[in-house]
Structures are given as structure tokens and as C-alpha cells.
Amino acid sequence: MRKVAAAGIAAAMSVVIAGCGSGGSGSDKSTVTLWMYPVIADQAKNQAFWGKVEKDFETANPTIDVKIDQQPWDGRQEKVTTALASRKGFDLVVLGPDQIPQYAQQGTLEQLDDVIAKDKAAYLPNALTALTVDGKLYGVPIYQTITAPIFNKKLFAEAGVTEVPDTLEELKAAAPKLAAKKVAVLDYPGKPEVSLNQSFYPILWANGGTVFAPDGKSVAFNGPEGVQSLQYLLDLKAAGGLPENTASKGNDIEGGPLAGGKSAMYHAATAGMVEQLAAAIGEENVGVGLPLEGTKRVAFGIPGGLVLAKHAADKDAAKKFAGYLASTTVAAELAKESGFFSARTDVTIPGQSAASKEFAKSLEFAFPGDTHPKARQVMAMIASHIQAALLGKEDAKTALDAAAKEANELLSSGS
């Protein structure tokens, strides 16, 4: 039995082991290999957590040998694609909703509805929906992320804004008051490398827009809702409501305008950013809100889905381990150590902070984004034109129409 291994050695060894099949000649044990990623940022805690998971499961299931290979985030897509194509490397792997559809369509994943059937009612409905393709569940959610607005209460109060904005319109109305104090109301990260899931898309979704048309064969972000959303940002910029370097800034808190008291709110923050902001401006000045409302409230948040490779030698053993990882006990401890949340409503996270509890209020509004096999490529096209608009080189409609033309050519090319 091998314990959690270093990423490089583990990845190489797992390919050899998996290539030989689960269990070996003369062995009465099944082998289940999981590729796991550092959702627990602290390396020591990560090793300890997964080591305990492996030990506890094997103690309760002596005929199953679990091998947990720690993998880096970098290159995940390419490695997973190669492993599924070569039919070796892992039995289980954690993927996001934007990655699963292409593999499900290729027929390289096993459906997993039976794994969560008994406890289905306990899961966040949007977490299950996010991991479902053509009516079949391909991912067992073992954690859930969520974003929400974080803000500097003191800056709003000093500008005479007695109620911190709760809607897009309220945020826009507050912009001139904060600008008069040389403060940008929204800490918008326009750098193309920042995921649009944490910049433009939440505004688009709040206004009722979508990235893709319902059939996925064309894009829809350049429709009226999209133009309205980009124009909203340009109007904020004109009112002094965005940082001066908004077109090139990232969403880092430390060293940025939010921590420096030069901007008042970031609309799509993660829970971990609260501590960074509190360290800079004082915990008493930090607030957490619900997703800004347009025609509706939407918060970017994705479940981490445990998927099962179609080529797995012992699917029953793999499903048993997947069910164990999704259990309330493991889910609670994973949420505690990772700082993420559980995709189950019947889980109590030990020692959950007050800020984390505020973030949890946004889970009901969680949306994983517009899933599509080419979602990431399309995002890059949109991001470059949004930056051009923020730099004053293109107006809202021109920018989004140009991005849509490029995206539709990509979708129709089949490449």
C-alpha cells in the first residue's frame, strides 16, 4: 500500500500501475487510483488530510487499495485528456463543470447517479445540475466554491452612503459620491488573464445574459444584456467608479486598490480574500454581501466533481471510494481544511468563521458558468475586447460584436 506521493513520481507510477489493471495477478485486492489537486493550499495539511482519508477508507474496506496521486493544477486539462485517451493513469479525478461535458460526449466517463442516489436530496441542486450532462450525473460533488462581494464599510460611510449597495443600480448611484473622495466604487479587474467568471460574467448573468446560445452552436453575449453589462462598466469608468488602471489590473487584494483604500468593493471575491483585506484595512471595516442584483442574483461558484473514468478496472470499488469522499464526515473536514464549502446542505463545517458563514449565504445563487467544451477559448476572445473597451478603443457594442464574430468562427470550425 502506497501513501500520498510526490506529484512527479506519483503521476509516473500511477500510469504503470493502472496499465497493469486494478489488483494484480495473485492479488485479491482492487486498486483505485485518484488524481487529486491542492484544494488544500497548505502542503502539510494537504498531505495529512489525504493520508488520513486513505488510511481510514482502507481500514473499513480491506479489499480495496487506494492510491492518491497529488497532481499540480498546471497542465491538468492536457494530462487528463491524455490519460482518458490512453485509458490509463487514474480511475477517479476531480474536474470542474466546464471540463466534464467534452469528456462525457467522448464517452470516456462513467455516469454516477447511483453514487449519490440515497442522499440526493441533501445536495445543493445547482451543484448536481452543474455536473450533469444530457440528464446524467458525471461528477460527484465533494466541495463547492462560491464568490460574493466584499467591501470597505468605512469608505462607503465616509462618502455618505449609509446603505452599502445591494444592486447594480445602487452601486452605480454610489459611484459619484465615492469618486468625490477619490475612491473607485468597484475594484474591477480588467486584466485579460483574470477569469471572466470573477469579473464580467457575474454582471452579464445578473442582467439576464448568457455566454452561449441554448444550443451551444453560437454565442449570445453580444445581445442586449451583454451590451448593457459592458456599457455599465464604461459608465462606471466615466463616473470615476473604476480604478484608473482597471484595464490592466488583476484581482489580487494585497497591494491593490481595495487593500490600499482606493476602491470600495470587489463584486466576485472568494472567502480567502476576506482575511487579506482584513489584514490591510482592519477586520471591523470589512463587509460581505450577497451577489449584486440586476434582474436576478447570480454568484459564480463551482462544485469540484469527482469523475470516474470509463476504463477503470473495478468501477464498483471506485464508486465506493467516491461515495466515501462525498460523505458528510469527509465533506465537513475537507471544507474546514480547504476553506471552500460543502455541496451538501446537511454538513456542518467545524470552526467556520463569521465571514465564511456570510459567504455561505450566497450558495443558493451559485452558478458554474456557461459550460461548453470551448468555454475557455471563447472567454479569452471576450476578455481581450472588453479590455479594448475599457481602454477606450472600442465602444460596448463594437467590442462584443467583434468578440462574437471570432467566437462564432471558432464554434463553426469544429477545431
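**Salt bridges in the predicted model**

At 35% relative accessibility, Lys310 is partly exposed, a class lying between buried (under 20% relative accessible area) and exposed (over 50%), computed with a 1.4 Å probe on protein chains only. The structure is a predicted model, in which local features need pLDDT of at least 70 and side-chain atom pairs count only at pLDDT 80 or more, while totals for chains, interfaces and linings use all residues. Residues are numbered from 1 along each chain as its sequence is written, and side-chain values use heavy atoms, with hydrogens and water left out.

Lys310 pairs with Glu110 in a salt bridge with an N to O distance of 3.5 Å; the term denotes a side-chain nitrogen of Lys or Arg within 4 Å of a carboxyl oxygen of Asp or Glu. This pair links distant parts of the chain, 200 residues apart: Glu110 belongs to strand β4 (residues 109–110), and Lys310 to the loop between β12 (303–309) and α12 (315–325). Helices (H or I, at least four residues) and strands (E, at least two) are DSSP runs numbered from the N terminus. Glu110 is buried, at 16% relative accessible area.

A salt bridge also joins Asp166 to Arg297, with 2.5 Å between the closest N and O atoms. Here 131 residues separate the partners, Asp166 being in the loop between α7 (153–158) and α8 (168–179) and Arg297 in the loop between β10 (286–288) and β11 (299–300). Asp166 is partly exposed at 27%, whereas Arg297 is buried at 18%. Arg297 also meets Glu293 in a salt bridge of 3.5 Å, N to O; Glu293 is partly exposed, with 29% relative accessibility.

In the whole structure, the search finds 14 salt bridges.
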